Amino acid sequence: MLMDRMYCTPDLWTGMRAYDETITWIRFRADLRNAPPSFWLLSGECIALARHLQGSPIPPAESRSLDRELNAYGLLARLSMDGSPLRAEQVLGYLEKGSRVPEQQANIFSSVDLLRDTEEMLRARLSAGPLPFSPTSILDLHRELVRSGNGGAWRSTEISDGPLEKVPSEMVGLFMEEFCDWMNGPDLAAPSAAEDPHYALIRTLLCELYIAWIRPFGAGDHQIAGLLGMQLMATHGMVGAWTHLIAVHFHRSKPEYKRQVEQAARQLDPVPFLAYGLRGLLDALREVERAVRSAQTDGQWQAYVWSLFNAPENAQRSRQRELLLALGSVAAPIAQSEIPELNPVLARLYAGVSQKTLKRDVDALEELGTLQRTDQGVRARREVVLGFRS
């Protein structure tokens with residue numbers, strides 16, 4: 001309990017007793033023993049899928065593109081939750097192309113740079129070893145993030161938005177002391193080393209909830225919560241752009257996020273909020289897995305096609321190879337007569353030959369087992385590179 005803190009001065013002791021009676025919904029505890037089995041299954045699936053994605057083989061170009069996209073959407077989500085008016089295409093364009101921005105918008109885009117630079121700074125520090133999780137370290141992060149005005153200081157003004165009574169400004173520091181002690185304490189420690197990543201994820205989601213409740217800075221709180229989550233996860237080897245997916249989930253479901261934050265306060269139980277966070281993270285991880293799997297299949301398919309037609313090189317083999325590669329890049333079957341229109345390479349290869357030549361190429365590839373005719377047209381049988389098929 002807050003009023004049990006022995007370091008309090010008499011005035012603060014009195015204040016803490018008063019707020020302990022009014023802000024009854026902030027209690028630094030989470031009874032995970034009563035969490036249903038489905039909760040732990042969600043946590044297990046998230047960690048298993050995240051581990052599967054970390055280090056998954058994927059062509060370098062696709063890997064860089066996916067990382068850039070996840071980082072951009074993660075930055076956008078954090079900034080938008082903190083009230084930024086930026087849109088997805090603006091952030092993507094700014095990060096990927098270094099787009100020039102109007103002078104009157106420079107301040108808005110400077111927040112993108114500050115958050116990105118603070119994340120890079122934090123990653124560099126974490127690469128040297130674990131960092132303390134303390135009020136001082138949180139204030140240091142805020143100082144890096146803001147670098148002006150009240151950077152590195154708890155909020156000094158009151159907040160009145162939303163239905164929940166807010167922590168008074170003079171009590172924020174003490175609430176954050178209690179919060180850090182709890183996060184570092186035995187209540188949230190993993191029962192075994194094997195469960196460390198699971199509890200790191202739980203602490204990350206609890207961090208999101210309690211920062212949303214306490215609002216220690218009043219501005220930039222969602223960004224700080226994301227940075228603290230990155231630190232908590234990285235301490236147990238859970239790194240990568242996928243960690244932004246928690247923020248992306250909250251941003252996508254912002255009305256439900258607010259409802260869950262308020263409901264957790266009313267019910268004095270954070271477990272439903274944790275389950276909501278885990279469900280959203282798992283859905284987002286599955287989206288990323290599908291993108292990775294598609295990129296892996298593309299790479300395997302192209303390697304397989306090249307192995308079929310690697311030598312000797314002649315006009316027929318070149319046409320059939322390019323035909324297969326082109327069909328493998330489209331999702332739906334295509335009419336045989338439209339094949340030359342798929343790309344400029346095919347248009348050139350089939351420009352000086354008859355439709356009979358195209359039909360012979362399609363027949364040869366069908367006989368080879370790499371192409372299939374359907375009622376809708378012809379399709380590449382990309383599934384031949386997939387294992388464990390029924």
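Residues are numbered from 1 along each chain as its sequence is written, and side-chain values use heavy atoms, with hydrogens and water left out. Because the model is predicted, local features need pLDDT of at least 70 and side-chain atom pairs count only at pLDDT 80 or more, while totals for chains, interfaces and linings use all residues.

Let me begin with the open space. The largest pocket holds about 480 Å³, where a pocket is, on a 1 Å grid over the protein atoms alone, an open set of points with protein on both sides within 12 Å along at least five of seven lines, and where lining residues have an atom within 4 Å of a point. Its lining has 23 residues, and those nearest the centre are Asp 161, Ala 212, Arg 215, His 222 and Lys 258. By class there are ten nonpolar, four polar and nine charged residues in this lining, with Asp, Glu, Lys and Arg counted as charged, Ala, Val, Leu, Ile, Met, Phe, Trp, Tyr, Cys and Pro as nonpolar, and the others, Gly among them, as polar.

Which helix gives the largest share of that lining? It is helix 11, with five residues; helices here are DSSP runs (H or I, at least four residues), numbered from the N terminus. In helix 11, Tyr 257, Gln 260, Val 261, Ala 264 and Ala 265 are buried, meaning under 20% relative accessible area with a 1.4 Å probe and protein chains only, whereas exposed means over 50%.

Two cavities of 30 Å³ or more are found in the whole structure, a cavity being a set of points where a 1.4 Å probe fits but cannot get out. The largest cavity has a volume of about 150 Å³, and among its 15 lining residues Arg 78, Gly 226, Met 230, Thr 243 and His 244 are the closest to its centre. Helix 9 gives the most to this lining, with six residues.

The second largest cavity holds about 50 Å³, and its lining includes Trp 25, Arg 27 and Leu 268. Leu 268 also follows helix 11, with a positive phi near 55°.

Note on methods. Grid points are joined across faces, edges and corners, and a volume is the space filled by probe spheres set on the points. Helices (H or I, at least four residues) and strands (E, at least two) are DSSP runs, numbered from the N terminus.
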